[in-house]
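Work through these exercises with the structure open. Try each task before you read its solution.

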Amino acid sequence: MIAAVGIAQCAPPPLAVSGGIVITDGYAFASVGSGASAFLVIANEGRVEDTLVLAESPAAEMVMPHETVVAGGAGRMAHLETIPIPAGGSIAMRSGGLHLMMSGVRRPLVVGDSCELVVTLARAGVIRVKVPVVGFSDRP
Ligand SMILES: [Cu+2]
């Protein structure tokens, strides 16, 4: 009980706040070959839906929003053109769900590094965040 309250009160500050959009809890996994994946929690505190329309990173040639869909016991990744962020709601990327797939990583992302991500929202515009690079075992 006490621990749960403590965690809630010690939530880290947002990575970015812009145009009603609040980005928290970002990280990227260490790269494997020229690929890596990155995760953000994007909340929309505004009264109208916003939409993630583009993701980029100076660390990679391409960043694509993906969603892992499990069908018949096998995971498959679907490319999403856009990700709606509902008014008053949020989307939480996680391993095995929504994620940002980085390909053509320019130099290896190593645990302890940080990585810049640039997301563009239809309403809030361009938002830059810096996220830590973590190991696979550091996250569920
Ligand atoms: Cu993917």
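**Exercise 1.** Find the residues in contact with Ser103, leaving aside its neighbours within four places in sequence.

*Solution.* Start with the rule: two residues are in contact if their C-beta atoms, placed from the backbone, lie within 7 Å. Ser103 then touches Ser34, Gly35, Ala60, Glu61 and Met62. The model is predicted; local features need pLDDT of at least 70, side-chain atom pairs count only at pLDDT 80 or more, and totals for chains, interfaces and linings use all residues. Residues are numbered from 1 along each chain as its sequence is written.

**Exercise 2.** Is Ser103 buried, partly exposed or exposed?

*Solution.* First, locate Ser103: strand E9, residues 98–105. Strands (E, at least two residues) are DSSP runs, numbered from the N terminus. Next, take the cut-offs: buried means 20 or more other C-beta atoms within 10 Å of the residue's own, exposed means 12 or fewer, and partly exposed lies in between, with C-beta atoms placed from the backbone. Ser103 has 15 such atoms within 10 Å, so Ser103 is partly exposed.

**Exercise 3.** In which sense do strands E5 and E6 pair?

*Solution.* Two strands pair if DSSP finds at least two bridges between them. E5 (residues 60–71) and E6 share 6 bridges, in the antiparallel sense. Glu67 faces Ala78 in E6. Now look at the turn: 2 residues separate the strands of this hairpin, and Gly72 there has a positive phi of about 60 degrees. Finally, check the cover of E6 (residues 74–79): the count of buried residues among its 6 residues is 0.

Definitions and conventions. Helices (H or I, at least four residues) and strands (E, at least two) are DSSP runs, numbered from the N terminus.
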